[in-house]
Amino acid sequence: MNVLEVSGLTKYYGDSVALDNAGISVGAGVIHAIVGENGAGKSTMVKVLSGMVTPDSGEVKIDGTVLELGVPKVSRSAGVFTAFQELSLLPNLTVAENLLIAELPTRSGVVSRRAVQGQAAKILKEWGVDDLDPGLMVGQLPLSAKQRLELVRTLSHNPKILILDEPTAALPDTDWLFRHVRAARDRGACVLYISHKLAEIGQLCESGTIMRNGKIVGDFNPTNFSHDEIISSMIGRSISMAFPPRVTAIPADAPILLKAIDFEVGNRVRGVDLQVREGEIVGVAGLEGQGQRELFYGLGGASPVTGGIVEVAGTATKVSNPRKALKAGPGIALVPEERKREGIFADLTSVTNISVPALKKLSFAGIIRRGPERKLAMEAGRDAHMPEEYLGRDVGRLSGGNQQKSVLARTNLTGAKILLMFDPTRGIDPSAKLEVYSTLRTSAANGAAVLFYSTEIPELVGLCDRVIVMYHGRAVAEFEGERITEDAIMQAAVGNTSSATAAQGDKS
Amino acid sequence: MKRNWKVAALAVVAAGTLALSACGGSTSSTADAGAASAAATEAAAPAATAAASEAAAANGNPCGWAAAPRAGGAKYVVYMSSLNIGNAWQEEAVNLGSAEGLMAPYSDCVELRTERTEPDPASQISQIQSMTAAGADAIVTFALSPTAINATFKEACDAGVTVVIYDATVTEPCAYNVSYITAKPVGSDIPFMGYNAMAALIDMMGGAGDIFVAHGVAGTSVDNVHYLSALAAIEQLAPDMNILTEWDGNWDSAQQQKETTKALASNPNVVGIFCGYGESGCVKALKAADKTIPVTGETSQYFREQLLAGWPGVSIGSPPAQGGIAMKVALGVLQYGPDAGIPHDIEVPFKVVTKDTVKVCPDDTYTEGCNVFPAGVVGDENTADIFNPLLPEASLTSAKTGVPPAGLVAVPFTVDELKSFEQDPSRRYITREACPEGWTQGKLKEGLDGCVQS
Amino acid sequence: MNTNPGRIRQTLTDGTGRAVFFWLILMAIWLSLQSTQGMGVDLGQIQSYLVLSLPLIVAAIGVTLVIIMGQFDLSAAGVIGIVNVIIASTLSSWNPLLVVVLMMALGGFIGLVNGLFVILGKLPAIAVTLATLIILQGLAVVILPQPSGKIPPFLVDGVRVPFVALGIIVIIIIAWMLFKRSRLGLYMFALGADPEALHLSGLPVKKIQLKIFVLAGALYGLAGVFMSASLGSGDGNAADSFLLTTFAAAAIGGTAFVGGRGSAVGTLFGALTLLAIPKVLFVIGVSDWTQKVAFGLLVLLAVVAGAFSSLRKDREQLLVAPYSTPTEGELSTATKGGNA
Amino acid sequence: MSDQLAIQAQQRRSSRMQTIYRPLILAALALLVLVAGRLVSESLPSWIAVQTVLSLSMFLSVVAFGQGLVMLTGGLDLSVPGVIALSASIVAVWVSFMDGNLFVGVLLALGVSLLFGIVNGVLVSVLKAPAFIVTLAMGAVLEGFSLFITYGHKAPESPELLVTLFSGSGKLFGIGIPALLFFVVGIIGFIIQARSRFGRNAYLLGSSLEASRIAGQPVNFIQISMYAVSGFGAGLAGLMLVGFSGNAQLSLGTEWLMPSIAAVLVGGTVIGSGRGFWQATITAGLMLTSITIVIQSTGVPQGWKSVLYGVVVLVALLSTRSDFGRRRRKQISQSPLQGNPPKK
């Protein structure tokens, strides 16, 4: 008998099905992978197991005992602990408080700050993250530190069933995690490992399940599988995994659309020089929180710029807000990091989301003409590979990939030639990723200058014509053509520039 | 660092407040000083002759009045205070009161200060305390609540302040109530505005039919007295009459109009409205609905003009002259002393005006018997009833601006005159929630709770 | 205490510090003008100022609780009003301590009803509490058609003698413990910042929300007792002004209306500030239409100053956030991410 | 993909629920309430009652229009009573005491209302001060100004034309002008909120301020313009109410603030969400007005009427919350009445 037996889970949200008679069974001392597109039901299953969501039907047994569902406390006391993809940390509490939130030590009802800090420091040390000050506010931490904290919080309970949902999305140090996950397995825990990163799964997992549309569609052996096969069963059709072909060479006389000289954003971006030519996709690499966000947001007018010169199509321009950025020369458009908060208008339909930049053109005497609006949105959506049937729907209810496509469609509609793409593929499923790549390449081919940041280095290697690496607010290295390799980028990204050739923007 | 600072600040403040409150039990330093100086003046007083009133003024006993100003200055500090709600009646009452203090013979003896209070008890309490601390000799004010401000009035009395309340009453015994709510209208033997108004309405309706009743501000004592006495009138005079609906008119014509409009929508068969202050709203709503039915209302210019044009109604209500009368009562107490026998409960007579008795004043001055201004002289909401037998010196200018026209002279009350307007002890229970000595609680003949001689 | 200008600026960016600062300025104006005008600094007056502030302080702390957890509660004025009329009409001869407990329980019950509608009924809190407010105000007039009645003398005396300052200190200590040193307090702040994360952390979000609504209601009940004690009688309309002043006190005290940020001490000084403003206007001699204008402008000033300084703070924080320094291990692993 | 189609169908349904069914249900409820009023008053339902409901709802709608837009963008405008009083005072004093031209007076009143709306907007959007308190304090300031203007004049009279237009004495085809204006207000409001670029901007901003900013929307300008429109709407309501009442006074607007907020909320607008529809707001206004009229006609004492009204509002909220359940998360995570979300 296996430790974890899940059978017949079904969960409807309104009319739509999130889990459709799904079941898995995992034994003790096993690291089991679950893969699937976004919206395949992985996260819902995780939430059912953790007691966050009550399914409409189905049963979960742990060690043969039926688990009462929908009560987080019960799941926890049964030994189920989860590190969530969206992170479950409270920004306005300290590291220590977050770590112990469920069972804060109190003395006669009063929370003792010292006890909390002491206990937290001990736990942090035990799990090898003693560089994290337990007194810091979590909201001020970089994402990678938050991710580690989330993982420590989960691991420190020594769970019987450990669930990790995209644990490496923002984690540079996967070895640390793998070490502890394997230790947990050796201890006899059952680990559910959910990730889009198939390479990691190959490294770590022993068995695997593929989900699609809320159903279990098959098992696979992570030690021996073909990426293409798995991906085609994830998305239900066969695809080619190739990146769109690169343009052979950007002509040297192609106009420089965006040029930044000695660009500065507070102490986050310190004197970065860069330039992007028409038709070029320039990648930006860097570990989490090295100033790349501020670079993009500063160039796009969304963050205050404190120094340097920005030249748009050869003209020095001040971009003090996104509106001015869009109007500057051929136009600068930003695709932001936090899609849910900064990218989409969740309560409004895709049409409404897409048509924003064209509203002025679409309206007559201040009144929006709805027919042309819909038509325009449909065309823009088609160019961004957005399925037509989603156009009339609230964007907030679409999958991450389709949300991103609507953002890209909107960006295209702005007509801006300079595109700042900040991690546009984060958290979207493989097929959507491919469509995003192709949209970017098409834009570049049509004369756009694209600045592209991704947390996934292979994407940069596969897609970009040139890659700039950031470290501590500076551009420490730049690679072009054949020299763009994962290894070179990584070396530069951790500040090891001595080996990096063609280091250009390094001013330190 | 920041935390330390906060804790330190907290400790300092805590220590401070503790120290303050520890001393708070004793009487205030100012009050002590005031009392001391008053005692000194009193000691000196017998030595002075009556002719030396000028000298007395220099010594802090202006005009030769009964006691010296509390603040020790050359004049009595008198506060005239009203609610800061932009209500025409409130403005006129406070203006008529202020004007008294600026008229000869008072102007030489009195330093008049006008104040406005936000309409919540905490604000009024705070302000009365400020006035007391500022050395007030008298405070004339409209009390927000008959009970909630009592403790503060008591403190003021104890500090030697003369407290006079107009229109609405308070139950605190040391305060003087100058009010009309229990008074008999001119020419009527029956007390209570509500009773008289309802009786007149019943009369106009021929003793039958169904009516609306509009409250003022629900939950206030004035409104409750009007309401209960009106119900008593129905009980006694037309027991078959039905009240179709009631509403809270807030003593506000905009609100009355909105509510009347709504009530007419569901009960178009109504034949009379008992409408309090803000009656112009009731009439405007009726006009919009093309219904001409008897209405009782207070004393707005608009309503009186409608009566003049033949509207069946009775105008009967709170005279803003009460503000001026209350001021004169306060000055009388200062002048004759608290022990001179000025009654604490004074009833201000008020008029009943119908379409038969409405009469235009020839210009904007008071002529005996007139009760409405010519059109255009004052606004719709202004009361047409600024003139009162007890306030012959009232003028439209005073009511509008709070400053009397040059040359106008106040007519001070004599103690006997005031005694003749003392409230009948049988009605004391209504304003003071207690009966005078020798009386016990019982039913009045109007059917309300009152006092009977035991 | 603060000689260093940087330190002063630091204090002013903190909501609580700013509220204290603003209040101290008003008190300085009030007391100095009062004494130069020959009125002397009357300790009794300061004490009664505290007595009048007490109900607002307690009610505003309750409102602050709800705002911090990211919700809204308009029912404070209703609860205070109904407590006042119930005490005056029926409980005047009861044991005062029993009265306090009963009235807090009543407030807590109303908070529970609010909470249930908001959480189980899934209705916006502002709408639910608006309805509760209307209902309670109506009931207050039904129970007490005109101002009357007596408050147990023990309560009245209780707030008049030196206990008031003591009371304020005790309340503030308890509130501070509740805000900063209790589990519920921590959860409340967490809830205001990110309810989803709290839910994912395995905590019963609904239960915590409900507890805060109940607690806030109980505080309104207590505020009602204090108001009754300071007025000494029952008046169905006396509490109406609490509807807005409680929120004003919280805002002046630096409570963020987006939730997740605020303090009991700040609210305390916000409430004290609100009641000091009329005192200051009185001694300055503002006594006509300018009174309303001056009051409005002072509140605006206090709130806008706060918003402005926290705006600067946010911006500064944005520009100087720390880098995450990669460690040894990242070098070897990060390359292996991805699936291409 | 079949479930995708199901989602699509469901969404179309829920969007229709919002834009068509809910307003229809609310309007039907309004009518039903009037008909059921028969139980408490023999004179109900009647043509007069319908007219009264329409005209009172007209005033409510004018106030609720700007309020609704401000609430969509995550704010609240409590300065409405102050603006109404000031606008009414300006036009009445201008015409009745300074013998000014009515047209100029109207422009003056609307201009001043707009101006203070803009000031509110600037404080909320640029200085990020909480809307609740800013507009509350601004209301006090404006009431002070109204007192100043009417000081010494007291309750200045309304110009004749406004009285004819808005008191109900003026009639067109035998129907009171305010009742007819309800439809005009309804249509204009619908065009602005649901069909115009201005209204769209409000939805976008309400749905996500950050996304609006990054999409290049002039967010400060938009937010300011919402408060400006709320100020303007309140100013317009001031002109109408001074016509209705015949006099300018401080209290003209106080009785319209809470009902306008209630109408917006019962109409299903979620504060700061980009969710809410004008047609639902005005029909909710119709329903609430009908309810007050029926409650009015019952003989129960005043206090009980308040209780009844509060209960009815609660029930109305519960009965029209069809989409709230689905949006629970959003509600938990979004504080009502926020100024702006703090910048990251």
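This briefing describes selected features of a predicted model, grouped by topic. Local features need pLDDT of at least 70 and side-chain atom pairs count only at pLDDT 80 or more, while totals for chains, interfaces and linings use all residues; side-chain values use heavy atoms, with hydrogens and water left out. Residues are numbered from 1 along each chain as its sequence is written, and chains are lettered from A, with ligands numbered from 1, in the order in which they are written.

**Strands and a helix in chain B**

- Strand β6 (residues 211–215) of chain B is joined by five bridges to β7(B), and the two run parallel; strands are DSSP runs of E with at least two residues, helices are runs of H or I with at least four, both numbered from the N terminus, and two strands pair if DSSP finds at least two bridges between them.
- Within this pairing, B:I211 stands opposite B:I243 in β7(B).
- Strand β7 (residues 243–248) of chain B has five of its six residues buried, so it is largely enclosed by the rest of the structure; buried means under 20% relative accessible area, exposed over 50%, and partly exposed in between, using a 1.4 Å probe and protein chains only.
- Together, β6(B), α8(B) and β7(B) make a right-handed β-α-β unit, where right-handed means that, with the strands pointing away from the viewer, the path from the first strand over the helix to the second runs clockwise.

**A buried histidine in the helix**

- B:H226 has its place in helix α8 (residues 221–237) of chain B, and it counts as buried because its relative accessibility is 6%.
- Leaving aside residues up to four places away in sequence, B:H226 touches B:Y180, B:I181, B:M193, B:G194, B:F274 and B:E298, a contact being heavy atoms within 4.5 Å.

**Salt bridges**

- The count over all chains comes to 32 salt bridges, each being a side-chain nitrogen of Lys or Arg within 4 Å of a carboxyl oxygen of Asp or Glu.
- A:D186 and A:R185 meet in one of them (3.2 Å, N to O), although A:D186 is exposed at 59% relative accessibility, whereas A:R185 is buried at 18%.
- D:E210 and D:R213 also form a salt bridge (3.5 Å, N to O), and both residues are buried; because they are three residues apart in helix α9 (residues 209–214) of chain D, they are separated by about one helical turn.
- In chain A, salt bridges that share partners join A:R293, A:E337, A:E338, A:R341 and A:E342 into one network.
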